[in-house]
Every structure is written in structure tokens, then in C-alpha cells.
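Hi,

Here is the structure I promised to pass on.

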Amino acid sequence: MKQQLQPLLSLPLLLILLSHCTGISAQGAPAASPDAGPIADAPAPPGPTNVTKILEKSGNFNLLIRLLKTTQVDTQLYSQLNDSYSKLTILAPTDAAFSKLKSGSLNSLSESQKDQLLQFHLIPDFLTISNFQTLSNPVRTQAGDQFEYPLNITTSGNSVNITTGLVNTSISGTVYTDNQLAVYQVDSVLQPYGIFAPKPLPPAPAPAPEKAKHKKKASDDSPVAAVKSAAGSVVCDLSRNGLVSIGVAVVFAAAMFLLQ
Ligand SMILES: *[C@@H]1O[C@H](CO)[C@@H](O)[C@H](O)[C@H]1NC(C)=O
Ligand SMILES: *[C@@H]1O[C@H](CO)[C@@H](O)[C@H](O)[C@H]1NC(C)=O
Ligand SMILES: *[C@@H]1O[C@H](CO)[C@@H](O)[C@H](O)[C@H]1NC(C)=O
Ligand SMILES: *[C@@H]1O[C@H](CO)[C@@H](O)[C@H](O)[C@H]1NC(C)=O
Ligand SMILES: *[C@@H]1O[C@H](CO)[C@@H](O)[C@H](O)[C@H]1NC(C)=O
């Protein structure tokens, strides 16, 4: 009975979800600067800044470079910096910083954890040393949410202290700076909770226990109830219209089912 229901459900629901959940805002395109005359377009584009090249020049960041390459975050940065409106500050751990990590801890990470670890060292803004005192904590990085990836920065004078809760360090040098990109040296890898000491997640809504009693009960339910409960598990954030459409789909699917 359930198996018959599935394909009936899937199509209308899928169509509705697609129409409500994947719409891309048409407002994403950057507005042209009102002052930009023809002259603004004249200078030949110098091409995006190559972070790998900058780090290579310093000679102190071989392990970071290797990680940037294996995760392909190097190409992400290249295209990120190709947009001249996009600003970036990199907190770059030295080779010595990586060698302070517990041995094997980097190798034990999954690809997506390695990626997140790198994103955690990227602040999507251009910060001079004195700009750091204007930040409020926790500082937004390019890694996931701040619950799993908290980064706090405090300053006094020209010293900039950084804490993740697991690691305390400070900025120990400026590697590179222009008006778009700043690269600062840090002597520890910034280890976020989300990877190195995961906090327990907030409890998820418990799925109905798979007991024989429940299974029996489910098969006694009316088809409409079964459809409703399947629709109830949809995770997407739907507008009011979406809910109406789901309702329509539920009725439609139920009607199809009853016609069989
Ligand atoms: C950036 O520089 C590195 C090192 O010089 C080079 O290997 C790499 O191909 C460059 N990346 C791009 C996208 O040009
Ligand atoms: C940079 O962006 C321009 C315009 O969006 C695009 O044409 C070009 O291919 C990009 N270059 C690189 C190296 O990504
Ligand atoms: C920064 O860290 C150093 C050494 O850990 C400490 O002495 C100093 O008080 C800290 N400064 C700020 C502003 O947190
Ligand atoms: C970071 O700053 C926030 C806000 O001030 C604070 O609640 C949190 O405890 C701080 N975390 C660490 C590890 O310092
Ligand atoms: C980081 O610094 C804070 C405050 O100075 C201290 O309480 C904490 O124990 C330090 N954590 C580590 C891992 O050193």
C-alpha cells in the first residue's frame, strides 16, 4: 500500500518543491556604479590575484598551499577575487602552525571538513590591522554557522588576538595587502569546534520508532492521512502559496489513490 503511494506522491510534490525552493533571485546582479562612465571600463583588467602565488613567494606556507590545492579552495579563491567587489582577509597558518597539530589529525578529516577548515580561515571582508578592532564577536567567516564555527577576535593597540575556544593565537605578521585582499600570518591552525570537538547538535525531532505496533497502525490509516504524514516531512521553507499547493497536491494524490 505504501509502495503504491510513493510514486503518486513524488511527482506533484517534487514539482511544487522545485517551483518553491530553487528559484534564484533576479536581484543578485551587482548594480552598476552610478558614477561609472566609459572611462571606468578603460584600464585593462590585471586578472584576479593569485593567493597561491602570494603564499609561495613567502616560502612559509607550503602545507597551507598543499591543502588549498587538494581541496581546490585555491580555484575558489581565484574566482572569488575575480569579482572586484569581493573583499577577503586570509588568516594564513604557517608550516610550523600545521606541524603543531596532533599528528594525523589533518589526514583523518573528510574532504568537506578540510574545506570547512580552510573556509574558517577566510573572513569575507578586507581588514587592515586597525579594522580588526571594529569587528564584533563572533566574527563571520566563510565556514558554516557560528555555533559550530565560532571565531572571536580581540585587539589592543596593534596586537590582534584570535580565539576559537580551542585555540588562542594572534596575528604575527602581514604577508600581503592591497585594497581587496589582506593575508596575515598566524602561528596556529585555527581549530573550530565543528571539526575538532563537535558540540552535540540540538535534538532533532525523533522519527517514529519502527515498532511492529506502529507499522500495523500505519497500514490502518486512511490514504489521506498517510499522504499528509509524508508531506509533513518536507523540510523546505515554503511560502503560504507553497502550503496551499502542497494541500492541493495532497488532495490530488489522495484522489488518484482512491481512483485506483
Ligand atoms: C597561481 O599561481 C600558482 C603558482 O605560481 C600556479 O601554479 C597556478 O597555476 C596559478 N593559478 C592560476 C589560476 O593562474
Ligand atoms: C573573471 O570574470 C570575468 C567577467 O565575469 C570572466 O569573463 C572571466 O572569465 C573571469 N576570469 C577568470 C580567470 O575567472
Ligand atoms: C592577547 O594575548 C596575549 C598573550 O596571550 C595577552 O597577553 C594579551 O592580554 C591579549 N590581548 C588582548 C587584547 O586580548
Ligand atoms: C566569543 O564571543 C561571544 C560574544 O562576546 C561570547 O559569547 C563567546 O563566549 C566567545 N567565545 C570565545 C571562545 O571566546
Ligand atoms: C585561551 O585564553 C583564554 C583567556 O585568556 C583562557 O581562559 C583559555 O584557557 C585559553 N585557551 C587555550 C586553549 O589556551
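Starting with the ligand: an oxygen atom of ligand 1 sits 3.4 Å from an N or O atom in the side chain of Glu56, a polar contact in the sense of a pair of N or O atoms within 3.5 Å. Asn50 makes one too, with a side-chain N or O atom 2.3 Å from an oxygen atom of ligand 1. Around ligand 1 you'll find Asn50, Lys53, Glu56 and Tyr78, counting residues with a heavy atom within 4 Å. Of ligand 1's own 360 Å² of accessible area, the protein covers 51% (Shrake-Rupley, 1.4 Å probe).

Now the fold. There's an open sheet of six strands, mixed in pairing and ordered β2-β1-β6-β5-β4-β3. Strands here are DSSP E runs of at least two residues, helices H or I runs of at least four, both numbered from the N terminus; two strands pair if DSSP finds at least two bridges between them. β2 (122-123) and β3 (152-156) are the edge strands, each with a single partner, so one side of each has no neighbour in the sheet. Helix α4 (73-82) packs on the sheet, touching β1, β2 and β6 (181-186), with contact meaning heavy atoms within 4.5 Å.

Housekeeping: this is a predicted model, with local features needing pLDDT of at least 70 and side-chain atom pairs 80 or more, while totals for chains, interfaces and linings use all residues. Residues count from 1 along each chain as its sequence is written, chains are lettered from A and ligands numbered from 1 in the order written, and side-chain values use heavy atoms, without hydrogens or water.

Cheers

Note on methods. Polar contact = N/O pair within 3.5 Å; in protein donor to acceptor, adjacent residues only side chain to side chain. Axes fitted to C-alpha atoms, helices over the stretch in contact; angles between N-to-C directions.
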